[in-house]
Amino acid sequence: MESGAVFSGLHRHPTPPSHHLLLGHSRCAIKFFPPLFTDKKLFSSHPQSLQLQKQSDLALYRNGNNNHVNSVRVASPASNVTSELADIDWDNLGFGLMPTDYMYMMKCSQGDSFSKGELQRFGKIELSPSAGVLNYGQGLFEGLKAYRKHDGNILLFRPEENAIRLRMGAERMCMPSPTVEQFIEAVRATVLANERWIPPPGKGSLYIRPLLMGSGAVLGLAPAPEYTFLIYVSPVGNYFKEGLAPINLIVETEMHRATPGGTGGVKTIGNYAAVLKAQGTAKANGYSDVLYLDSVHKRYLEEVSSCNVFVVKGNVISTPAIKGTILPGITQKSILDVARSQGFQVEERLVTVDELINADEVFCTGTAVVVSPVGSITYQNERITYGNDGVGRVSQQLYSALTSLQMGLTEDKMGWIVELK
């Protein structure tokens, strides 16, 4: 099936209007027409207002009320793209970058709103040496996946949550951001343009990486004058080479991922560079990753380098409460809802490092890993192990439930899946 096929909410134009950009040999472009209504003040600076705005955005998106977002049309996205699979070894797909066919780009100036975007051939981008993202780290990213079903359908998992999280992060980083609808339609177009890179069912997923960055030149410390929203994709297998096999963590007591009042609660690029030193040392010593403690008391669990953490004791599943220093994970949120639906008692609270000693199971969650059971945790030179093989009953049960839903193998009773075809 041609990847420029009509999909929900978009209108196909057989012949691109003359003002649409023709990109190389692909002759494909996506255009967002000017907004029907634009509210340049997207968020208040108060956390309570941010939460209210998130709820409002989500309600408006789900109810189909698009008066607050831009009207969207797509003109023949990737009209020459074939649905034949790319010629790669799908059985040995790791978690690494594999260049694909198309990326998506949209720009706007400070004080304005994003209003149009285009699919382009995947490749290098041009930035000024004084771009805000290069000099002051003014940038955010997201991560989500597309799955291929046996019937040919392509599925996205809760993309509106990524869109809302990006908007909340953009407010913290003084950046304009795409609307929820713009974000989702840009993801749709990018995925369909790269359809041949989506792994066969059960072989992996298409990882989708949206970026929002200050691309304009700025010398003094200030918000950049121009911003770029970009999406690229790559087929991926398991994040950890062990797959669902248990991972081994070490608790870091000296270095910290985030501090109160900082940016630990948003997906800014700087949060991840800060973990590289501790993570590199851990891996050199045979560990899979690092588990961080809070920076004030050094006794409460926060998160792994790029994953949320859960502790299981009996029928109770506990995870650190989101209070500004921990990223609100979309997989984390989904696992909590799935656990509740399966009869588990769920607690979002302060979890002490001492609770690891008597836990029945520990596992991590994230977009890349989905669920990773923890086989051992080393804390102050003492190693705590979990179960005979490290893959506990609860983590296995929740992993199976969520991945079956994401891949379209079970009925979506939560309303989380978006079908592209």
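Helix 3 (residues 159-172) has 14 residues and spans 20 Å from its first C-alpha to its last, close to the 20 Å expected at 1.5 Å a residue; the expected span is 1.5 Å times one less than the number of residues. The model is predicted: local features need pLDDT of at least 70, side-chain atom pairs count only at pLDDT 80 or more, and totals for chains, interfaces and linings use all residues. Residues are numbered from 1 along each chain as its sequence is written, and side-chain values use heavy atoms, leaving out hydrogens and water.

**Helix 3**
- Of its 14 residues, 13 are buried, so helix 3 is largely enclosed by the rest of the structure; buried means under 20% relative accessible area (1.4 Å probe, protein chains only).
- Cys174, with a positive phi near 60°, follows helix 3.

**Whole protein**
- The protein has eight helices and 19 strands, which are DSSP runs numbered from the N terminus (helices H or I, at least four residues; strands E, at least two).
- Buried residues make up 52% of the 421 in the protein.
- Of the contacts (heavy atoms within 4.5 Å) between residues at least 6 apart in sequence, 74% join residues at least 24 apart.

**Strands 14 and 15**
- Strand 14 (residues 316-320) pairs with strand 15 (residues 345-349) in the parallel sense over five bridges; pairing requires at least two DSSP bridges.
- Opposite Thr319 stands Glu348 in strand 15.

Notes: Buried means under 20% relative accessible area, exposed over 50%, partly exposed in between (1.4 Å probe, protein chains only).
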